[in-house]
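Q: Could you walk me through how to read this one, feature by feature?

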Amino acid sequence: MNPEKPGTEGANIFKRVFLFYRDGFRSMTVGRTLWAIIAVKLVVFFLILRWLFFPNFLSLQADDDDRKAAYVREQITKR
């Protein structure tokens with residue numbers, strides 16, 4: 001009684017894990033929709049929310065690298 005699929009006997013663990021996930025993703029129906037929703041959420045989180053809540057503040061304070069460094073140095077020494 002061997003629970004492995006035919007052709008995977010003696011295959012290393014990495015190949016068996018890969019085949020397990022590959023076959024699982026191929027047979028998904030609802031899962032594909034869920035993965036698409038997860039991908040859209042990640043795009044929203046990392047691109048849109050980052051742009052809204054974390055603007056490039058240092059670029060607003062100075063134009064070139066020397067002025068940015070001077071601004072950072074000034075802010076650090078003030079506190």
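Predicted model: local features only at pLDDT ≥ 70, side-chain atom pairs only at ≥ 80, totals over all residues.

Q: How much of the protein chain is buried?
A: To call a residue buried, look for under 20% relative accessible area. By that test, buried residues account for 10% of the 79 residues in the chain.

Q: How do I check the length of a helix, and what span should α2 have?
A: Count 1.5 Å a residue and compare the result with the distance between the end C-alpha atoms. Helix α2 covers residues 30–53, so its 24 residues should span 34 Å; the ends are 33 Å apart, which agrees.

Q: Where in α2 is the kink centred?
A: Go to Val44: the kink there is about 30 degrees.

Q: Let's do aromatics. How many aromatic pairs does the structure have?
A: Searching the whole structure turns up 3. To sort a pair, look at the angle between the ring planes: over 60 degrees is edge-to-face, under 30 is stacked, and the rest are tilted. Take Phe20 and Tyr21: their ring centres are 5.3 Å apart and the planes sit at 80 degrees, so that pair is edge-to-face. As for accessibility, Phe20 is exposed at 60%, while Tyr21 is partly exposed at 47%.

Q: And Phe57 with Tyr71: which kind of pair is that?
A: Tilted, because the planes meet at 55 degrees; the ring centres are 6.4 Å apart. This pair links distant parts of the chain, with Phe57 in helix α3 (residues 57–61) and Tyr71 in helix α4 (residues 65–78), 14 residues apart. Phe57 is partly exposed, at 46% relative accessibility.

Q: Now for charges. How many salt bridges does the structure hold?
A: Side chains of opposite charge can pair when their charged atoms come close. This structure has 3 salt bridges. One of them joins Arg22 to Asp23, with the closest N and O atoms 3.3 Å apart. Arg22 is partly exposed at 31% relative accessibility.

Q: Which residue does Asp64 bridge to?
A: Arg67, and the closest N and O atoms there are 3.9 Å apart.

Q: Why are Glu74 and Lys78 separated by about one helical turn?
A: An α-helix has 3.6 residues a turn, so residues three or four places apart point the same way. Glu74 and Lys78 are 4 residues apart in helix α4, which means about one turn between them. They form a salt bridge too, with their closest N and O atoms 3.6 Å apart. Glu74 is partly exposed at 39%, and Lys78 is exposed at 60%.

Key: Residues numbered from 1 in each chain as written. Heavy atoms only, no water. Helix = DSSP H or I, 4+ residues; strand = E, 2+ residues; numbered from the N terminus. Expected span 1.5 Å × (residues − 1). Bend = angle between axes of the 7 residues up to and from the residue. Buried < 20%, exposed > 50% of the residue type's maximum accessible area, 1.4 Å probe, protein only. Phe/Tyr/Trp six-rings, centres within 6.5 Å; stacked < 30°, edge-to-face > 60°. Salt bridge = Lys/Arg side-chain N within 4 Å of Asp/Glu carboxyl O.
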